[in-house]
Amino acid sequence: MFSSFVSPRQVKIGDAAAFAGTTPRAIRHYHDIGVLPEPERGSDGRRRYGYDEMIRLLWIRKMADAGVALEDIRGAFADDAGGDADAAGNGGAGGDGGADGDRAPIDPQVTRVLDRLESTLVAREAELRRQRAAVQRMRTRGSRLGLLDDIVAGRLESLPEGSVRRDDLDTLLVTERMLGPLAAAMQAGRFVALATHPVLREGSDRVDAAEEALDDTVAVDDPRVAQVAAERHAFEEALQAAIEASGQDAEDDAILDAWDELHPAGDDAVGGAVDADGRGAGPRRMSAAEAISKMPYDYSPARWRCMELALELGAPDPSAPDPSAPSAAE
């Protein structure tokens, strides 16, 4: 019995979009870039889509959903046009050539497209794994500590909750970006000492406050600048003595050895590798000097001078004998 339903021979763009699971705007874009040829128009001037156009539209959607770029889809269909002509010359859809058409060798250009797509998908999978690991670290360690590199966070996660301040983590974040995770891991030892020595933490807060007081109202040659520099130098010596007494030097050596095993020599750039689309493990790589030059610090001239003086006080005396040099008696 003949069905009362008869499918239309052609449909309008809205129906074509609904059937293919896309939008009229997307189909118009396909026309504009040449992925989907313009169909004939009806008497009302609107596009009409027949069976062949719908088949091509469905393949376009399948390829796009698989991640193939529209430019590559256009090239694939251009190659496919020649293949269709060959198939027609060998018997068309009704012959053996049509039956084996889906198993025919893939055009080399399409193969390159698929190889490139697979590489992109592999990179995306790696990125997703990295992101999931970061989320898990944030759940386990906290939102800030969990975002630092493992080698940095690993030195702090055993400390009591709240003993590492937000300012400490901010400092480590900046150091990690400027000088890399290894330098930040070494600096983390400083905050371990501060977290486990309340007297040192009080001294650190006192010197920090004195440095912050050296604002733009204080002249560079103000006596307070040299005084605070001396306080900073004395505190740093006390902190270093506490770190040495705690045995952290051995831990530092172990971290350095582990880093050397995992990273090639001379790899001193900071930032993560990224792909051509800007995705990846982090910001683009840059030298430490470039990173330092791009980080703003709102320090007054007096405070900068205080830092210089403190460094000068901590520098070795060039006239002093080298304790590692052999003596005359030796």
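Analyst: From the N terminus on, the order of elements is accordingly α-α-α-α-α-α-α-α-α-α-α-α-α-α. The model is predicted, so local features need pLDDT of at least 70 and side-chain atom pairs pLDDT 80 or more, whereas totals for chains, interfaces and linings use all residues. Residues are numbered from 1 along each chain as its sequence is written, and side-chain values use heavy atoms, with hydrogens and water left out.

Of the 330 residues, 28% count as buried (under 20% relative accessible area; exposed is over 50% and partly exposed in between, with a 1.4 Å probe and protein chains only). Among contacts (heavy atoms within 4.5 Å) between residues at least 6 apart in sequence, 60% join residues at least 24 apart.

The part to examine is the largest nonpolar core, which has 25 residues (a core is a set of buried Ala, Val, Leu, Ile, Met, Phe, Trp, Tyr and Cys residues joined through side-chain atoms within 4.5 Å). Val152, Leu156, Leu169, Leu172 and Leu239 have the most contacts inside this core. At least two of its residues are supplied by each of α7 (150–153), α8 (166–179), α9, α10, α11 (223–245) and α12 (248–262). Helix α9 gives the largest share, eight residues. Apart from this core lies another, of 19 residues, including Ile13, Ala17, Ile27 and Val113. In soluble globular proteins, nonpolar side chains tend to be buried together.

Leaving aside neighbours within four places in sequence, Leu169 is in contact with Arg144, Leu145, Leu148, Leu156 and Val164. Ile151, in helix α7, touches Pro181, Leu182, Ala185, Ile255 and Trp259, again not counting residues up to four places away in sequence. The C-alpha atoms of Ile151 and Ala183 are separated by 10.0 Å, although these residues are 32 apart along the chain.

Leu194, Ala195 and Thr196 of α9 and Pro198, Leu200, Arg201 and Ser204 of α10 make the contact. By class, these residues are four nonpolar, two polar and one charged (Ala, Val, Leu, Ile, Met, Phe, Trp, Tyr, Cys and Pro count as nonpolar, Asp, Glu, Lys and Arg as charged, and the others, Gly among them, as polar).

The axes of α9 and α11 come within 10 Å and cross at roughly 90°, which makes α9 roughly perpendicular to α11. On the α9 side the contact is formed by Gly189, Arg190, Ala193 and Leu194, and on the α11 side by Arg232, Phe235, Glu236, Leu239 and Ile243. Five residues of the contact between α9 and α11 are nonpolar, one is polar and three are charged.

Helix α11 has 23 residues and reaches 34 Å from first C-alpha to last, close to the expected 33 Å (1.5 Å times one less than the number of residues). Its buried residues are Val225, Val228, Ala229, Arg232, His233, Phe235, Leu239, Ala242 and Ile243. What covers the buried residues of α11 includes α9, α10, α12 and α14 (301–314).

Helix α10, with 15 residues, reaches 21 Å, close to the 21 Å expected for it. In α10, Leu200, Arg201, Gly203, Ser204, Val207, Ala210 and Glu211 are buried, and the buried residues of this helix pack against α8, α9, α11 and α14.

Two loop residues complete the account. Gly142, in the loop between α6 (108–141) and α7, is partly exposed at 24% relative accessibility. Glu40, in the loop between α2 (24–33) and α3 (51–65), is exposed, with a relative accessible area of 53%. Beyond neighbours within four places in sequence, Glu40 is in contact with Gln10, Arg46, Arg47 and Arg48.

Definitions and conventions. Helices (H or I, at least four residues) and strands (E, at least two) are DSSP runs, numbered from the N terminus. Axes are lines fitted to C-alpha atoms, for helices over the stretch in contact, and angles run from 0 to 180 degrees between N-to-C directions. Angles under 35 degrees count as roughly parallel, over 145 as roughly antiparallel, 65 to 115 as roughly perpendicular and the rest as oblique.
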